[in-house]
Amino acid sequence: MNAVLPWLVLLPPLLAAITITLGALKRPVAAARLSIGAIALSLAASLILFARDASGVTSFTWLQVGGLAVEFGLRLDPVSLLMLLVVTGVGGAIHVYSWGYLEGDPGRPRYFAGLSLFSFAMLGIVLSSNLLQMFVFWELVGVSSYLLIGFWHARPAAAEASKKAFLTNRVGDFGFLLGLVLVWATTGTLDLGELETRLTVQPGALGTAATAIGLLIFCGAVGKSAQFPLHVWLPDAMEGPTPVSALIHAATMVAAGVYLLSRVFFLLDAPALTVIAWIGGLTALLAALMALQQDDLKRILAYSTLSQLGYMVLAVGVAGTNGTPVAAMYHLATHASFKALLFLGAGSVIHALHHQQDIWRMGGLARRMPVTFLTFLAATLALCGVPPLSGFYSKDVILVLAWEHHASLLFLLVVFVAGLTTAYMFRLLLVVFAGPARSQDPDHAHESPPVMTVPLLLLAVPTVLAGFWGIDAWLGRAYGVAPSPAGSWAEHLIAPFTHAPVPALAGLAAVILGGGVAWGLYRGALRDPLPVHLGRLSRWMRDRFYFDELYDRLIAGTQDAMAWVADAFDRWILAGAVVRGLHGAVELGGRALRLVQTGSLQTYALLLAAGVVLVLAWMLFR
Amino acid sequence: MTDFAAIGLELAVAATGLAVLLLDLWVRPEQRRWLTWTAVLAVAGIFVASFALTLPEPARLFGGLYVLDELALFFKRFFLLAALLVLVVGQEFADRFPAGHAEYSALTLFALTGMMFAASANDFVLLFVALELVTITFYVLTSFQRRRVASLEAGVKYLILGALSTGFLVYGLALIFGAAGTMNFEQLAASPPAVLESRLLTVGLLLVLVGLAFKIAAVPFQFWAPDVYEGAPLPTTAFLAVGSKAAGIVLLLRVWFVAAPALTASWAGPLLVVTALTLLYGVLCAIPQRSLKRLMAYSSIANAGFLLLGFCSGSAAGVAAVLFYLGGYLFAVLAIFLVATLAWRGTDTDAIADLAGLGQRSPLLAGVLTLGLVSLAGVPPLAGFFGKFLLLKSVLASATLHPGLYAVAAVALLAVVISLYYYFGVIRVVYWGQQAAAQQPPILLAWPARAALGLCVFGLLWLGCFPANVLNLAQLAAQSLPWR
Amino acid sequence: MANLSFIIFCPLVAAVLIALLPRTFNVLFRAVALLATGLSLLGAVRVFAGFDSAATGLQFEQHFRWVDALGIGYHVGVDGLNVGLVLMAALVAFAAVCVSREIRERQQFYYILVLAMAGGILGAFASFDLFLFYFFHELALVPTFILIGVWGRGAQRDYATFKLTLYLSLGALVALIGLIALYVQAGQTSFNLLHLTRHLALNPIAPGTQSWIFGLLLFGFGILVSLWPFHTWAPLGYAAAPTAAAMLHAGVLKKFGLYGLIRIALPLLPAGAQSWMNVLALLCLGNILYCGLVALRQRDLNHLLGNSSVAHMGFAFLGIASLSVLGVTGAVVVMVAHGLLAALSFALSGFLYHRLGTLEMDQMGGLLQRLPFVGGVMVMAMFAGCGLPGFANFPGEALVLFGAWESYRTITVLACWGALVIAAVYMLRAVRTIWHGPPLDRWKDLVDAPNLWVKLPYALLLAGLLVFGCFPRLLTDPMQPVVSQIVQRVQGETATP
Amino acid sequence: MSVGLPHYLVVSALLFSLGLLGVVARRNVLIIYMSLELMLNAANLALVAFSRYHEQLNGQVMVFFVITVAAAEVAVGLALIVALYRRRHSVQVGDFATLRH
């Protein structure tokens, strides 16, 4: 039974995707039923596995050539079980939610096929036991996000956004693949289990290439989790339908990068970890600043995701070589639930206002959409790290890590970013739900139908209670960390303050400070006051620090220039001068030689006689 | 085997020629076609008879003047086949002759006799007589269309330049006779070294080679070919390209490998240069050509270059390659000329552009023309490819001894690629050339023409796909030359 | 039915049969052509299925005497290396005939030429005699010339067909001289590949001669496969060629040169191979990067596909240049995968050209609405083009990268950039301009592929890509014994992993 | 001094060169034709000289062959030149140049 279950988790979404594309492209209801059924099956199977706390690997050889042996295996351990729950749980909620959100859209079968393909690929990443197999699903996730972002491919913005997303991911995958090749070249194997045992036996196994391998594999994570250099695609990915943004850009896809880092944590050495930490920190800061000045509801959430991902990557980096990525995974788990809730809440607002996404045209929705407001409020508080909620505990662990490993500069950065997070989230909350209606759209807004609000409530449960489920203890077991004695829930409530008071209090202070500033600025504001105060900095933040333009000129520009040179060389010199030149020369030679035949008998006789004399002379006096 | 039994084949052909001339007096004009068909059947009969001749060992007759060996037999069968097809082309071309249809067939047969004698030449006297019989007959054949100035002009040009080359040939003969005291090839080869090194013999031999080089139109004696090929009527041009060239080749084989093997062995260098120049000249000049006959002239010059490749390798394999290549060359050239005659029936043009739209008008003719051109270009699965392949193999095999041959192999390669350009240029016109004139009527083919086309196609495909038995014949013939 | 001669001669006999039929039976020509290529496809599938990858040596072997004087024989057989290639060739041939529905005038002549090409290709891949190998390949030269000339497209048709034919014949002739030189050096006894391998194993040729013979073979086959400096004919030729000719040429004929290199040049001239590999590695970098960049600039879809197929060939060359078991196996997988991919993409672009009348990408836009099936398959083909896992190209390219890392570090990095990023850029730009974006009203009355019969060729090729993509062991396992033996000979008994 | 072989050869060579010069230099077709015959006779002279030198009759026999062939050639050649004259009313070599390149 144990061998079949993992396949029962992985395969249903793939089969659903195939049957929809082949059979049900014209029947939305059948497609939806197939897709939701598949993800439900996967959820059930992963719940059973979770209950059994199953572990072990079942696999078959996918490729066996020369020195390269690639197994296609499914690996179960506490970390992957947790991720299974996150993907299938949040994914399932979003599948149901999408049925309501995309009411009447003709392309729904294609949407559900894409969603199932995405779920299959994401489950593949979580379960894969081999680095190359992970790369395969890495790319499949990339292509399914391309299909989903570009769902409304008639709209140019969506088409451009999907292309941009896939290409940026591909740049990351380029690094990832090179990392794989390097790992295989130095150790001869790509299997994670084998690599782990070999590295625990003799840590120096990777030799000089260790840092390079670490950073190259980190490239894959940077591409997928939209970290600093390759973060440009995430905001544009909001062009896709909101459930897509929720599923892909909040809960699962972007988390894949962090999951990868935790999977290959034993590979990363000290220098690689410091680089990872700084990149994470930088992304968190930048994203938070940008989020402060965005007017589009979904873009703010996108930048907030970017910022939280920066947190997780920072947590991995700061953990140090003998530490564990538990903090990052813990924050990932809690973040998945409340960020998905935020996105679905936003979706419900957008749905109610007939696809209006500019927050300065909303206002006073609290009264009209109570359920959405309450769940949105709970998720915001969790995100900012207000104590009883799950976000506080997971963020606090990261603060503690930064504090204990006396990475003082990073600690200050994290605290400052926590403040910023609270600032832009409260700005959002106040402008959208509180204050006067800033245009006539909110007047006829009404609460969303149950098919959309029920998932909101379902997701609210983990948002509030996840802090107490001891997810960090559960994760610790995968890394051999002894679980701390389980006190009553009361002790647990104040545990952070008793163990490490300074980081906990600093975090709380930042939250209160940020909330106050936002309250001051945005309570009842009709226009955004910040541009007046900050001036040019606000414009920079609004235009995303001009990274898009920089990349266009830098990477795309140079590549197109090289392409122009190559094409010109190919057209004029290689095909033109060389080939046409030769052709012309031969033709000219023919025309010239032909003129020797003047047609007059006289010349022929002369030439013949001359020929004879020439031959005789040459032969005799050779 | 008595002397006269040996030359039975030649006598039979001469007798047929005379018979055709005589019968022409009693035959009514509309039955003249049947006269040519009887001549064709007779030649076919003689061709079949030639296979009945089995030679335990080569026979030398008429006091060593005439030799009958496998090489001679191979060439006699080759000439008979060529004449057979030329007679059919001549008959199809007859409507454009002012008069004397029977005379045309007779003259073709007399030229055939000359060629068959040339195949068995073992003495400079027979070489001279046979060569002159062929050349003088061709003077008349070239200028047969008296109403067309071009035909007469070609005739005169061929006359003067032919006579000039004969002058050189005869003077060469005299010098050889002076130096060696004998006219016989084998005796010349066996003469003492003092004679072989004498400059007189070298000059004499060179002058004879000039005469033969003129015959096969090798550089620098090829200036006559383009104008004569273009001026002469189609059947004559065909016979010139195949029969007269092959006669030159067989005499060159005899002189080069039998008469003075010691001398010619040291002349490999100059031969390479001549071969390369012939190849390049023929191939380059052919590119801008608009007239099919002139294109075929330059192509025949290039093919002379390819045939000389076999001489450059100087081995039995090279000679076998030359013989096989000639077989493929025969069917290809005659296929092209037969199709040209049929396609241009009634018009006096020879422009390639006038072949436009042949693909639609008559796919059979277009197909045969394409096969012929593709075989000349040397593309499998046709005879031309295997011929060129054998030549390349023999050249590369003996290139290990003297590396100059690699250069000539490279030139040959270039020549093939460039020749592909103009051969496929004709195919282009046939299949997707712009149809200038209105939709001409589809061409109706008499059964003999259809039979001749069938023979050519069969020859091309059989030599291309199942070359084994003809290759064995060629190798057997090559063995009859005295290899050390 | 599972014998190779049947597979090879089915199309050729059908061509002769069609030639004999009267000129007006258009439907019959198409039926006979479909039947012939269908039967040879079935035969190829039977051979592929029946191939026992454990057994060494040739299977389904047939040997007849042909020209004994020169040691030339009709010797066909299948081993791990060409069993995949024969199947791919038969599949592409069948798809090419299916797709020829749009040809309306002179159908009889068209089908004769296509069938001759198909027969030639199948024969070339199955033969184990150097002469036969060359003989079958050259069968396709004249048909290509006439196909492009009569049924080709675009103003540059004449120039393209001549350029293509002359380039290919030059390449073929240079290779022929190499083959003959090989035959001469091996004592002029026989052209049979097995005999030559045994003979040259005992008394190898002097390294000096080996290197210039290998040079001849490399540049001869290089021209046939559009190695970097000699690649200008490929995009031009494919843009002008009718669909079937482009499919057969880009998909299958291009692989003849590579197969020749792996099958003949590497095992018979080990020292020669060693001396030329660095040059080959550099040239194939030209293929991958240079042609990838040129593809970025193309406005015509077929030019883009032509350049991208040249870039993919760079990968196969890199695999060969690595001289490792991984590299060479990867090269063969790339050959099979690219064969199916090129055939599929040219078939689809042919469908587009037939419906739209033009292949200028700027004039297209938002076609996915009107052509969901063709659009979907084309997007998948384009993703396969940029090496997406799940399609057969990814295992091939991954194996080549793993194999080439040992000997050419920087080249592998650049090749990886070329394959992953540059290929993705121009493929996605094409998808963006053709399929996505607002639908233009100019194409509002387009009709998608109507029935299953029209969709069959595309579905078959796509299925091939997916099957070999998801289960690459189908291709790699039969290849192991042959490839390791070849690499061992070249490396001189020290086979790298 | 008695007239030996070299003398004959010199005369024969001179005759041959004169004939060649005549063919190349003259413009009238008939004169060219006569120069050709001159060259043939030069060869005959050489043949006879060598035959006498080697005390063999082969040379003499060869002369007969050459003479008969020359006669045949002249017959055909003159007929051809007359036919051309009747068509072009000129014997100047320069006029027969329609076939070129």
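Analyst: Buried area is the accessible area, taken with a 1.4 Å probe, that two parts lose on being put together, summed over both. By that rule chain A and chain D bury about 910 Å² between them, and carbon and sulfur atoms give 62% of this area. G599(A), L601(A) and Q602(A) supply 46% of what chain A buries against chain D, more than any other three residues.

The model is predicted: local features need pLDDT of at least 70 and side-chain atom pairs count only at pLDDT 80 or more, whereas totals for chains, interfaces and linings use all residues. Residues are numbered from 1 along each chain as its sequence is written, chains are lettered from A and ligands numbered from 1 in the order in which they are written, and side-chain values use heavy atoms, with hydrogens and water left out.

User: What makes a residue of chain A count as in contact with chain C, and how many residues do so?

Analyst: Contact means heavy atoms within 4.5 Å. On this criterion 48 residues of chain A meet 54 residues of chain C. The area buried between chain A and chain C is about 5000 Å², with 74% from carbon and sulfur atoms. On the chain A side, W62(A), H153(A) and R170(A) lose the most area to chain C, together 13% of what that side buries.

User: Why is the pair R429(C) and D560(A) called a salt bridge?

Analyst: The term requires a side-chain nitrogen of Lys or Arg within 4 Å of a carboxyl oxygen of Asp or Glu. The closest N and O atoms of R429(C) and D560(A) are 3.1 Å apart, so the pair qualifies as a salt bridge. Between chain A and chain C the count is two salt bridges, while between chain A and chain D it is zero.

User: Which element gives the largest share of the side of chain A that touches chain C, and how do the residues of that side divide by class?

Analyst: Helices (H or I, at least four residues) and strands (E, at least two) are DSSP runs, numbered from the N terminus. The largest share, 17 residues, comes from α6(A). Ala, Val, Leu, Ile, Met, Phe, Trp, Tyr, Cys and Pro count as nonpolar, Asp, Glu, Lys and Arg as charged, and the others, Gly among them, as polar. The side therefore divides into 33 nonpolar, six polar and nine charged residues.
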